[in-house]
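Thank you all for coming; I would like to walk through a few local features of one structure, slowly enough that anyone new to it can follow along. Please have a look at the sequence and the model before I go on.

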Amino acid sequence: MFPIAEFPNEVFNSNGEDWGRMLQYSIKRILMAIPVVMFISFIVFYIIQLPPGDYVSSYSAQMMAAGDVMTQADMDQMRSNLGLDRPVYEQYAIWIKKIVLHGDFGYSFNYNKPVMEVVKQYMGLTLVVSFVTMAFQYLVAIPIGIYTAVKQYSAGDYFFSGISFLGMATPNFLLAIILMYLSYTWFGDPLLGLFSNEYVNAAWSMAKAVDLMKHLVIPVIVIGLASTADLIRVMRGQMLDELNKPNVITARAKGLSETKILFKYPTRAALNPIVSTFGWSLSSIFTGSTITAIVLNLPIQGPVMYKALLGQDMYLAGSWLLFMALLTVIGTLISDILLAWLDPKIRTEFRGN
């Protein structure tokens with residue numbers, strides 16, 4: 001009979017040796033991430049400037065559309081004032097030097113204010129929407145994935161599988177319009193934005209927090225549905241692979257309850273690919289919410305990024321993309337730590353094996 005592959009009750013051994021190795025590993029990964037982020041920042045800064053023209057040419061086109069014509073001398077003087085007449089590598093060197101030494105991410109031409117002021121204005125609500133969406137994805141996908149695997153080919157399995165395929169196939173903007181229409185039809189409020197009109201500029205209070213939660217329903221469903229549906233399929237497939245492995249069969253033969261077997265062995269092993277996607281889940285929510293944010297009029301970073309790229313506001317666009325790269329690196333590190341907690345085979349790396 002096959003032995004049962006037991007999982008230790010504690011994540012790391014009691015003498016703290018594994019915690020020390022984990023800390024060393026984390027520091028090493030962070031130090032390795034610094035040159036990676038720097039390289040990404042240069043690539044991002046370079047790509048942003050690949051389209052023809054620059055912010056001055058975009059601004060000149062806007063002025064022309066408004067009936068005011070800028071001369072070439074005016075445009076050259078504006079480029080000189082903004083530092084846009086210098087080579088790309090020199091502009092990048094100045095930008096990254098200010099970030100490293102002074103925490104200065106540059107000046108937003110579109111918003112006519114420092115980049116950090118724009119970021120602070122939108123980052124809070126962006127993180128709220130992103131983290132609530134992530135919580136929705138994992139809290140919905142994992143239980144449904146377990147259920148559909150355990151109840152394979154049942155009515156519930158077919159129902160949730162159908163919803164999953166529908167969720168992956170439906171464009172976000174279309175789902176947003178449908179939900180807004182249903183909300184307006186049923187409740188008389190399309191739930192545009194993240195706040196009702198009376199709370200947009202009001203101080204924070206319990207009533208404003210409740211209003212925010214109400215307005216989060218549609219954005220969270222729209223932004224998170226496709227990823228949730230994908231996670232359900234991944235969790236279901238992994239669970240089906242794990243349910244009939246020798247250690248599970250042996251555990252049943254020893255008389256352990258199905259619930260204990262389910263959560264001790266197949267579920268824990270099936271979570272590995274789910275946890276490994278955490279690193280890019282947050283950044284994908286950031287990038288995937290742009291169209292939805294425009295349709296729903298959400299005051300988050302998606303429309304800001306779109307406007308920055310459209311107007312070639314390079315410092316603002318570069319800073320947002322740099323933040324997303326940082327989120328991906330940090331998320332990947334968190335994924336590795338969580339995988340070490342879940343999988344004893346991975347934990348051997350921290351024991352020197």
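Let me begin in the loop that lies between β1 (107-108) and β2 (113-114), which is where N112 is found. This is a predicted model, so please hear everything I say today with that in mind. N112 is not a glycine, and yet its phi is positive, at about 55 degrees. Most residues other than glycine have a negative phi.

Q312 sits in the loop between α14 (301-310) and α15 (314-342). Is Q312 buried or exposed? At 12% relative accessibility, Q312 counts as buried, since the cut-off for buried is under 20%.

Now to helix α7, which covers residues 172-187, has 16 residues, and reaches 22 Å from its first C-alpha to its last, close to the 22 Å expected. Within α7, the residues L175, A176, L179, M180 and S183 are buried. Seen down the axis of α7, these buried residues fall within an arc of 135 degrees, so they line one face of the helix. The elements that cover the buried residues of α7 include α8 (206-243) and α13 (290-296), whereas on the other side of α7 we find Y181 and Y184 exposed. Finally, just after α7 comes G188, which takes a positive phi of about 75 degrees.

Terms used:
Residues are numbered from 1 along each chain as its sequence is written. This is a predicted model: local features need pLDDT of at least 70, side-chain atom pairs count only at pLDDT 80 or more; totals for chains, interfaces and linings use all residues. Side-chain values use heavy atoms; hydrogens and water are left out. Helices (H or I, at least four residues) and strands (E, at least two) are DSSP runs, numbered from the N terminus. The expected span of a helix is 1.5 Å times one less than its number of residues. Buried means under 20% relative accessible area, exposed over 50%, partly exposed in between (1.4 Å probe, protein chains only). The arc is that of the directions from the helix axis to the C-beta atoms. Contact means heavy atoms within 4.5 Å.
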